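Hello,

Here is the structure I promised to pass on. My notes follow below it.

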Amino acid sequence: QVQLVESGGGLVQVGGSLRLSCAASGFDFSVYSMGWFRQAPGTEREFVAVLNWSGRREAYADSVKGRFTISRDNGKNTVYLQMNSMKHEDTGVYYCAAGRGFSQRGADFQSWGQGTQVTVSS
């Protein structure tokens with residue numbers, strides 16, 4: 001019954017912005033850290049951002065720092081990823097994940113969404 005459903009992906013030009021959403025259900029969202037990961041074809045899955053249960057502690061991959069912002073609304077059981085100044089290398093499938101601790105490792109997250117495609121064009 002645990003579900004994480006990403007939305008908001010699509011095609012965007014270099015320098016543009018997208019806002020991803022992840023709607024959670026089936027667990028106590030408010031006590032979990034929430035993270036975003038991404039995977040491009042031929043590459044390993046990589047960490048993007050994480051936010052703790054309260055929304056007051058966050059961490060970002062160096063590649064997105066200053067451009068992406070993670071946030072959450074515990075009243076709506078939703079986590080967001082605002083992506084600005086997008087680059088070609090931001091292309092990939094973006095996954096949200098829930099974990100019991102504040103971590104940047106995929107193995108530390110217990111639940112995963114199906115992913116949403118983000119494509120950055122020239």
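A disulfide (a pair of cysteine sulfur atoms within 2.5 Å) joins Cys-22 to Cys-96, with S to S at 1.9 Å. A search of the whole structure finds one disulfide. Cys-22 lies in strand β3 and Cys-96 in strand β9, 74 residues apart. Strands here are DSSP runs (E, at least two residues), numbered from the N terminus. The torsion about the S-S bond of Cys-22 and Cys-96 is about 45°, so the disulfide is right-handed.

A word on the basis. This is a predicted model: local features need pLDDT of at least 70, side-chain atom pairs count only at pLDDT 80 or more, and totals for chains, interfaces and linings use all residues. Residues are numbered from 1 along each chain as its sequence is written, and side-chain values use heavy atoms, with hydrogens and water left out.

Next, the sheet. Four strands form an open sheet in the order β1-β3-β8-β7, with antiparallel pairing. Two strands pair if DSSP finds at least two bridges between them. The edge strands are β1 (3-7) and β7. Five bridges join β1 to β3. Gln-3 stands opposite Ser-25 in β3.

Best wishes
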